[in-house]
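Thanks for sending this one over. Here are a few notes on its charged contacts and its surface, to read with the structure open beside you.

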Amino acid sequence: MFQTLSLPQPLGIVRDRCAASTSKRSAAMCAFGLIGLLTSTAARADTDEPHFDSIGQQAIFGFGGAMTRADMLKSAALIPVDYENNYIIGGGYQFFPYEISGVKLGVEAGIAGRFGEGFTGEVWGGGVIRYDQIRLGDNLFLSPAFTAGLSFVNKAQPGREANEEREDQGNARALFYLGPEINIAFSEDSSTEFFWRLHHRSGAWRTLGNMKGATNANVFGVRYKF
C-alpha cells in the first residue's frame, strides 16, 4: 500500500557524503548541496500549475426580447414579470483568446435597437467569462456566462428608463452593462447554441450618470461559434 521513497541518484550521493562527513564545514556544504538539489528537482517536477491556453474561438449572436418594468432580480424570474410595451432586437460579436481550467475569458461588442413606446439605439462592450460545458444529459449541455462592461444609448427609452432618469435627475446615455446568461447546446462539439440573457443597464447606485437603475430585458437568442 505504501511505497518506500527513493531519492534521485544525485541526492543519494550527497546524502552518503553528508553521512560520512565529520567536519562542520563539510556538513554545511552538504546541507547547501541538498537544498540546491531539492529545489532544482522540485522546480523541474512542478508542471501541474494552472496556465492559460490560447484558443482564439470567435462567435456571433443575435437576440430579441421584451423590456420589463422590474428591477434586475425580479426581471430574472422571467414569469411572472411586469413587461412594458418596449422591445429590443440586437446582436454582437465575441472573441475568447484564453481558457484556464475550462473557463473561457474574452471580450464582447454588441448593438441593439429598442422600440415600442419610442425608438432608441444602444451599443455596448465588455469582458466575458464563460464556463463550458455542464453535461445535463447525453445530448444536452449547459454553459453559464457573464458579460460586464459599458453601454451607450442615444437617449433614454420612453418607459422605465426615462422615468428613472427623470426621478434620479440623471443621464442614461452612458451606464454600466451586465449580461448574465445561460446557454444550451445539443451536442458537445456543436457550433450552434441557444441562450437566455438578462440585458441590464444601470448606473450602479449613482456611480454613472447619477442613475440608480435603468432598463432590464429578458432576451432569447442563438449563437454561432467558429
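**Notes on salt bridges and one surface patch**

1. Let me start with a charged pair: Glu181 and Arg223 form a salt bridge through their side chains, at 3.0 Å from N to O. Please keep in mind that this is a predicted model. Glu181 sits in strand β7 (residues 174–185) and Arg223 in strand β9 (residues 215–225), so this contact ties together parts that are 42 residues apart in sequence.

2. Are the two partners buried or exposed? Glu181 is buried, at 3% relative accessibility, and Arg223 is buried too, with a relative accessible area of 1%. The cut-off behind that word is under 20% relative accessible area.

3. Arg223 has a further partner to look at. Its side chain also meets that of Glu193 in a salt bridge, at 2.9 Å from N to O. Here strand β9, which holds Arg223, is tied to strand β8 (residues 192–202), which holds Glu193, so the pair links parts that are 30 residues apart in sequence. Glu193 is buried as well, with a relative accessible area of 1%.

4. Which residues are linked with these in a network of salt bridges? Besides Glu181, Glu193 and Arg223, the network takes in Lys104, Glu108, Arg130, Asp132, Arg197 and Lys225. For the overall tally, the structure holds 15 salt bridges.

5. Elsewhere, Asp82 and Arg69 make a salt bridge of their own, with side chains meeting at 3.1 Å from N to O. Asp82 belongs to the loop between α3 (72–75) and β2 (83–100), while Arg69 belongs to the loop between β1 (53–68) and α3, so the pair ties together parts that are 13 residues apart in sequence. Asp82 is partly exposed, with a relative accessible area of 45%, and Arg69 is also partly exposed, at 40% relative accessibility. Glu181, by contrast, is buried at 3%.

6. Which residues make the nonpolar surface patch of about 390 Å²? They are Ile60, Tyr93, Tyr224 and Phe226. Tyr93 is placed in strand β2 and is partly exposed, at 34% relative accessibility.

Terms used: Residues numbered from 1 in each chain as written. Predicted model: local features only at pLDDT ≥ 70, side-chain atom pairs only at ≥ 80, totals over all residues. Heavy atoms only, no water. Salt bridge = Lys/Arg side-chain N within 4 Å of Asp/Glu carboxyl O. Helix = DSSP H or I, 4+ residues; strand = E, 2+ residues; numbered from the N terminus. Buried < 20%, exposed > 50% of the residue type's maximum accessible area, 1.4 Å probe, protein only. Patch = residues over 30% accessible without salt bridge, like charges linked within 9 Å, V, L, I, M, F, W, Y side chains within 5 Å. Areas by Shrake-Rupley, 256 points an atom, 1.4 Å probe, with all protein chains shown as cover.
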